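This report looks at selected side-chain contacts, strand pairing and surface features of one protein model. Please keep the sequence and the 3D view at hand while reading.

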Amino acid sequence: MIVSAAVFFAVVATFLFSSSDSARADVLSEIRERGDLRCGVYPDDPGRSAINRQGRWEGFYVDFCRAVAAAVLGDGDAVRFVEVGPQSRFSALVEHKADVVMYSSTWTLGREAAYGIAFPAVYLFDGQGLMVRTNAGIHALADLNGRRVCVTAGTTTLANLENILRREDIKAKVVLANGDAFFRGNCDAYSADRINLATNRANRADDPERYEILPLMLSREPIGPMVRDDDGQWIRIVRSVVHAVIVAEELGLSRNSIDQADAAIGAVEQENLLGHNPEISRSLGLDRDWAVRVVREVGNYGEIFDRNFGPQTPIGLERGINRLWSQGGLLYSPLFK
């Protein structure tokens, strides 16, 4: 059979492209070769991910960046922060600019399919809410009739809000803008995830006492880190880091106590967390002490949440559904075995 030159070169190009793609090192090897973790974060308000006055990144999502770096590189500071936004949070992964993105991204099947990404775990359970001025006379969804509602473009929040307004036959004007526009008076209400609303109120409002978050939960929003879906080992590593801090809290192990902890007889999960079972770390391609370093670097889940969002912070959130399952919340890890 005679093959045309065009077909021949197309086949060769396809072969070379495939060979180059398959020759790409796995994510863990690339990170170790570079010596840093490229972690995508949104330059946001204190509590989630922001640069403090000393020039250091801090926040809930930043802590998880440092946790992964501690696990795979042995140093929580071995992070190169990659700034991302509502759209570039996906392209940063697809274009290999970031190894993992720690953002307030809702886990959806559509996002995984559309962008070729994976959500290894859930680190925040949230839900969409509404923030209004305390004197606005808005107490329920029906009160939005004839009002303007700010919502960020390109988010699941926008789609949820439009569906709810349509379903409830509420004639509200949807304005594609963020919380800053709401605080400037451009809208009567602002819709976003409830943790997002609390963070905006604490950091951006002229007077937080003038605003309230209504006791409405308009959707369920499982929030988690994002990675590319082409490396199963890397997916398991990021998932295991999230689960390690959850298990640490359940076992009563904290940032200050992890180095003094020892495995009790029959406490298999604690033995595994402390590195006594080499099979766990070997299956991840990590050393035995990876989970100990994670907890030493950022603490257990409760410490991370309270340090960034808790009652003693300006954001002032109670754990709520992010309490451990044993305390009436939704938070739990698969068995650490």
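## Asp45 and its salt bridge

Asp45 is buried, with a relative accessible area of 7%, where buried means under 20% relative accessible area, exposed means over 50% and partly exposed lies in between (1.4 Å probe, protein chains only). The side chain of Asp45 meets that of Arg204 in a salt bridge at 2.8 Å, N to O, a salt bridge being a side-chain nitrogen of Lys or Arg within 4 Å of a carboxyl oxygen of Asp or Glu. Because Arg204 lies in helix H8 (residues 194-204) and Asp45 in the loop between S1 and S2, the pair ties together parts that are 159 residues apart in sequence. Arg204 itself counts as partly exposed, at 29% relative accessibility.

## Basis of the model

The model is predicted, and local features need pLDDT of at least 70, side-chain atom pairs count only at pLDDT 80 or more, while totals for chains, interfaces and linings use all residues. Residues are numbered from 1 along each chain as its sequence is written, and side-chain values use heavy atoms, with hydrogens and water left out. Helices (H or I, at least four residues) and strands (E, at least two) are DSSP runs, numbered from the N terminus.

## Other salt bridges

Side chains of opposite charge can pair when their charged atoms come close. How many salt bridges does the structure hold? The count is 20, and one of them joins Arg48 to Asp44, with the closest N and O atoms 2.6 Å apart. Both Arg48 and Asp44 are buried.

Another salt bridge brings together the side chains of Arg282 and Glu279 at 2.4 Å, N to O. These two residues both lie in helix H11 (residues 278-284), three residues apart, which is about one turn of the helix. Glu279 is partly exposed, with a relative accessible area of 47%.

## Aromatic pairs

Rings of Phe, Tyr and Trp (its six-membered ring) pair if their centres lie within 6.5 Å, and planes under 30 degrees apart count as stacked, over 60 as edge-to-face and the rest as tilted. By this rule the count comes to 18 aromatic pairs. One of these is the tilted pair of Tyr42 and Tyr103, at 5.6 Å centre to centre and with 50 degrees between the planes. The pair links distant parts of the chain, 61 residues apart, since Tyr42 sits in the loop between strand S1 (37-41) and strand S2 (50-51), and Tyr103 in the loop between strand S5 (100-101) and helix H5 (109-115). Tyr42 counts as partly exposed at 32% relative accessibility, whereas Tyr103 is buried, with a relative accessible area of 8%.

The rings of Tyr61 and Tyr123 also form a tilted pair, because their centres are 5.6 Å apart and their planes lie at 40 degrees. Here too distant parts of the chain are linked, with Tyr61 in helix H3 (residues 60-73) and Tyr123 in the loop between strand S6 (117-118) and strand S7 (124-126), 62 residues apart. Tyr61 is buried at a relative accessible area of 4%, and Tyr123 counts as buried at 0%. Ring pairs join both tyrosines to Phe60, Phe64, Tyr301, Phe305 and Phe309 in a cluster.

## Charges over rings

A charge sits over a ring if NZ of Lys or CZ of Arg is within 6 Å of the ring centre and within 35 degrees of the ring normal. The charged end of Arg319 sits over the ring of Phe305, 5.7 Å from its centre, and that of Arg133 over the ring of Phe182, 4.6 Å from its centre.

## Strand pairing

Two strands pair if DSSP finds at least two bridges between them. Three strands form an open sheet with parallel pairing, in the order S4-S1-S5, and the edge strands, S4 (79-83) and S5, each pair on one side only. Two bridges join S1 to S5, and Cys39 has Val100 in S5 as its bridge partner.

## The segment after H13

Leu330 is found in the segment after helix H13 (301-308) and counts as partly exposed, at 45% relative accessibility. Ser326 lies in the segment after H13 as well and is partly exposed, with a relative accessible area of 47%. From C-alpha to C-alpha, Ser326 and Ala78 are 34 Å apart in space, and they are 248 residues apart in sequence.
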